[in-house]
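Hi everyone, thanks for coming. I'd like to walk you through a structure today, one chain at a time, so please have a look at it on the screen while I talk.

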Amino acid sequence: MDMNEIKEIFFQECEEQLAELESGLLKLNDGDRDPETVNAVFRAVHSIKGGAGAFGLDDLVSFAHVFETTLDCVRSNKLEPTQDVLKVMLKSADVLADLTNAARDGGSVDEARSRTLIRELEALANGEVPAAAEAPASKPAVAAPKAAAPAPVVEKPAVNDEGFQPIPFSFGDFDEEPADRYVPTCQILFRPKKDLYAKGNEAALLLRDLSRLGEMSIYCDMDSLPPLDKMNPEEAYFSWKISVTTDKGEDGVRTVFEFAEWDCDLDIRTIEEEVVGEAANEEELPMQPVPFDLSILDEGGSTGSDEEPAVIESDAAAAVAAAETVSKVAQVASRAAENAKAAASAASAAQANQAAAAGQTIRVDLDRVDRLINLVGELVINQAMLSQSVVENDTNGTSSINMGLEELQQLTREIQDSVMAIRAQPVKPVFQRMARTVREIADITGKSVRLITEGENTEVDKTVIDKLAEPLTHMIRNAVDHGLEMPEKREALGKNPEGTVRLTAKHRSGRIVIELADDGAGINREKVRQKAIDNDLIAADANLSDEEIDNLIFHAGFSTADKVSDLSGRGVGMDVVKRSIQALGGRISISSKPGQGSVFTMSLPLTLAVLDGMVVTVAGQTLVVPLTAIVETLQPEASAIHSFGASQRLISIRNSFCPLVDVGRILNFRNTQANPMDGVALLVESEGGGQRALMVDAIQGQRQVVIKSLEANYTHVPGIAAATILGDGRVALILDVDAVVAASRGQSLRQDISLAATG
Amino acid sequence: MASKKAAQKSLSLAPVLDLNEATALHAQLMGLKGGPLVIDASAVERVGALCAQVLMAGAKSWEEDKQPFTFAKVSEPFMKTMQLIGVNIDHLLAQEARQ
Amino acid sequence: MKKKVLTVDDSRTIRNMLLVTLNNAGFETIQAEDGIEGLEVLENANPDVIVTDINMPRLDGFGFIEGVRRNEKYRAIPILVLTTESDAEKKNRARQAGATGWIVKPFDPTKLIDAIERVTA
């Protein structure tokens, strides 16, 4: 792994932290006062700052630092997280996200905005109450905010193409001093306290480091050492007087004691070299010179335990010579020992790996996952075919083959679920991004908006998630910009001045349904109609239902905004939204109530998914109806069938009427309506919530099928969601229940295509 | 009853004489008090100041008891660390160790 | 024998940087993601030194340090606190909890290794 890879990980992590940050802030905004929420928010910013620092991303560090400082005030209860405070913080989270993106992909951020926010954050940290109406963001910054941040003010790093900036490397604290400089001697009084040892510091190691600074003499004061039976083995009794001649000076000595100085008495004095002798004489201490070669102390593992014990003479020179021999022997011995330990250390390494593996993730090419998913799909089909041929050839049905097959089926299914789970992801990140969109538009339009999200954990294939963000963003913009009224107007209408936008995700009928509801004014049908007439979309005297008028907004180039605002001026209309949803194999519809708001409903396939389906026969064709859509199946009786109009029929089920839809007719499998008494009715619930009875000829059975997209080869086929291969090798089409239901309401399947083509 | 003087006990020090070992070492020494003691420090890889304190307190107590307290074998790291922290044990080294 | 370092940090970025830096410097590295996992890993790892973050979910650095210091078997292990907080208050709390020393983030590799060398034999 190199630094670039780590940097990539850092940005991934930033994304997670930013999501964490935002959801935490939103929770606080909702009145959550759990300290853990505040901590999580703090940690997110803190973590981004930490990583950014390591990569020298100074802009990000400075901003994160100011943000973190203010969050710390909240954490320590110095700052009450009121809505006004959180407004600043949410905006800061957005800027932090921008800075992160800019650091990754290059590009610039709105500097005026971040400067303004830095000032606001600092004001909050200083206990100033935020102004209710905030100052315009475009004011030129007078004070350079960078000066306030503790980040090292280096020259703005020249970021190269990869956006990678090397970590400044420092070679220790001290520059090499010229050799001819006078070398001072430090006299040190070092008296450890008990805590020094309790905290894992070790006097012997401190003295070792001290001896590395230069020539050292030492005297150990043992006067306070009590007799054995009176002593506390963990108490500090020894103290030391040390004299070290070093070009690192007093600062160098202090650095050695950096970690220990709170837990010891330390007195350091520098004395002139000329008077060293005198001073030493004055002290009259039997200073013991310290051996210069301490390398043996660094190699904890090497001992000559089985050899002759180390030979030590009081003559230091001889000791060093002997030491060299011994350490050579020791090296040989330790090498042998190392071999012996190899197995043991391998075992412990494995253990360590195991420990480190907890909660780890790997990144895999999507292609590989897709290949796996395809293969598993083939496996499922193959297994189904195998089962079928066994059933056909084995009449007694109790053989061990059958039992084995059942297990195989179970396993196959589990494998499939697991593989699908790899690609499935919750819509949460996309929903979280919408929160920002709402804030920004609310700011620009001066409206007060609350976004409520539901079903964030609904999972859908990654491809769908990736492509969802854009249309959703646009719809949210629309909902706030065009849907919601200004606060004053809302108040005048007796509504809560704060508008609500509700974003919901749920699974229904084997699809994911995403709903975007606002409590605004609803579609102004008069205006939409007029606009459509002006744009020659409809004839001036056209007679359109409310629903039809509402759906006009999906036509190309349609915009109801009187003036081109900052938002709708981007040249993207609802037609583009509709097209991107359709490109995903989805549908979008709108229902609106004047004065109460509009609901946009998107239904998207869980692509690549498997489906539990009911296999049915319609006009000699085999179709699969998603099981999730089916409420119940029933055998129609003649008395329950009622006709009305030219070709409409209703079926009465438990005293309520439900339109009867002939699937074969809708799909143009046959030209005449089938006799309901010859078939079976499937009561289905469509995405609009209404029930319909779908007429099919016969039910073959239920089974799990693998969805094979038709779109790649046949483009979108109206009324058909996808295809599958059955156990006997036949291809069956999977019914798009919602499309069939919609078609039964009079919108023909063809019309759908023409709209898509012109739209 | 065997003479106490004859009952020379020996103590082998652990390889790592750190904070954790200080209490154990102290207890071991307390249990050996009253008779001559020979310490084998040949396996010592690391010795901290706390254990050095315990050993020196032991040496002091043995001296008060007029019993011999000697290091029969010492490892290189043990000896060097003692020198480093200014604890002179030359007078406690057994003849063989001093050679 | 290689010195063994246990690192405890919830940031994947920092964990990876530590791993690369320590491995390059010839250390054996074991990693945990928060204080709870740190204490669990500690049981089998027996490291020579611990490097830990302060702000972590579940069990933060202060709690983790206290946990180590209360552990009879491992209480002597030197612990270095790795944190962006260079202010005295955080250092103080870490020291009170039983930290041996600290490394200020963003750490540079030499300083990290230097600090480890200082507290280990």
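Let me start with a question: which strands of chain B does helix H2 (residues 49-64) lie across? The answer is S3 and S5 of chain B, and the helix runs at about 140° to S5(B). Before I go on, please keep in mind that this is a predicted model.

Let's stay with chain B for a moment. This chain has 4 helices and 5 strands, and along the sequence they follow the pattern β-β-α-β-β-α-β-α-α. Three of the strands build an open sheet in the order S1-S3-S5, with parallel pairing. At its edges are strand S1 (9-12) and strand S5 (69-74), each of which pairs on one side only. On average, neighbouring strands in this sheet are turned by 25° against each other, direction ignored. If you zoom in on strand S3 (residues 37-41), you'll find 5 bridges joining it to S5(B), and the two run parallel. One pair to look for is B:Leu37 with its bridge partner in S5(B), B:Phe69.

Two overall values for chain B, if you like such things. Of its 99 residues, 57% are buried. Among contacts with a separation of 6 or more, 75% are between residues 24 or more positions apart.

Now on to chain C. This one has 5 helices and 5 strands, and from the N terminus on they run β-α-β-α-β-α-β-α-β-α. Chain C has 121 residues, and 69% of them count as buried. For contacts between residues at least 6 apart in sequence, 64% join residues at least 24 apart.

I'd like you to look at strand S4 (residues 79-83) of chain C. How many of its 5 residues are buried? The count is 5 of the 5, so this strand is largely enclosed by the rest of the structure. C:Ile79, C:Val81 and C:Thr83 point one way from S4(C), while C:Leu80 and C:Leu82 point the other way. Strand S3 (residues 49-53) of chain C is joined to S4(C) by 4 bridges, and the two run parallel. Across that pairing, C:Thr52 stands opposite C:Val81.

Here is another residue in chain C to click on: C:Arg15, in helix H1 (residues 12-24). Is C:Arg15 buried or exposed? Its relative accessibility is 11%, and the cut-off for buried is under 20%, so C:Arg15 counts as buried. Leaving aside neighbours within four places in sequence, C:Arg15 is in contact with C:Asp9, C:Asp10, C:Gln31, C:Ala32 and C:Glu33.

Next, chain A, and the nonpolar cores. In soluble globular proteins, nonpolar side chains tend to be buried together. Here, the largest nonpolar core has 84 residues, and those with the most contacts inside it are A:Leu21, A:Leu25, A:Phe67 and A:Leu96. Helix H4 (residues 83-105) of chain A gives the most to this core, with 11 residues. As for A:Leu96, the residues it touches include A:Leu18, A:Val45, A:Ile48, A:Phe63 and A:Phe67, not counting residues up to four places away in sequence. There is also a second, separate core of 65 residues, which includes A:Tyr237, A:Ile242, A:Cys264 and B:Leu50.

From H4(A), the contact uses A:Lys87, A:Leu90, A:Lys91, A:Asp94, A:Ala97 and A:Asp98, and from H14(A) it uses A:Arg436, A:Arg439 and A:Asp443. Sorted by class, that is 2 nonpolar, no polar and 7 charged residues.

Last stop, further along chain A. Here 6 strands form an open sheet in the order S15-S19-S20-S18-S17-S16, with mixed pairing. Strand S15 (630-634) and strand S16 (641-644) stand at the edges with a single partner strand each, so one side of each has no neighbour in the sheet. The twist from one strand to the next averages 35°. S16(A) and strand S17 (residues 648-653) pair in the antiparallel sense over 4 bridges, and A:Ile641 has A:Ile651 in S17(A) as its bridge partner. Finally, helix H22 (residues 737-744) lies across strands S18, S19 and S20 of chain A, at about 100° to S20(A).

Terms used
Residues numbered from 1 in each chain as written. Chains lettered and ligands numbered in written order. Predicted model: local features only at pLDDT ≥ 70, side-chain atom pairs only at ≥ 80, totals over all residues. Heavy atoms only, no water. Core = buried A, V, L, I, M, F, W, Y, C linked by side-chain atoms within 4.5 Å. Buried < 20%, exposed > 50% of the residue type's maximum accessible area, 1.4 Å probe, protein only. Contact = heavy atoms within 4.5 Å. Nonpolar A, V, L, I, M, F, W, Y, C, P; charged D, E, K, R; others polar. Pairing = 2+ DSSP bridges. Axes fitted to C-alpha atoms, helices over the stretch in contact; angles between N-to-C directions.
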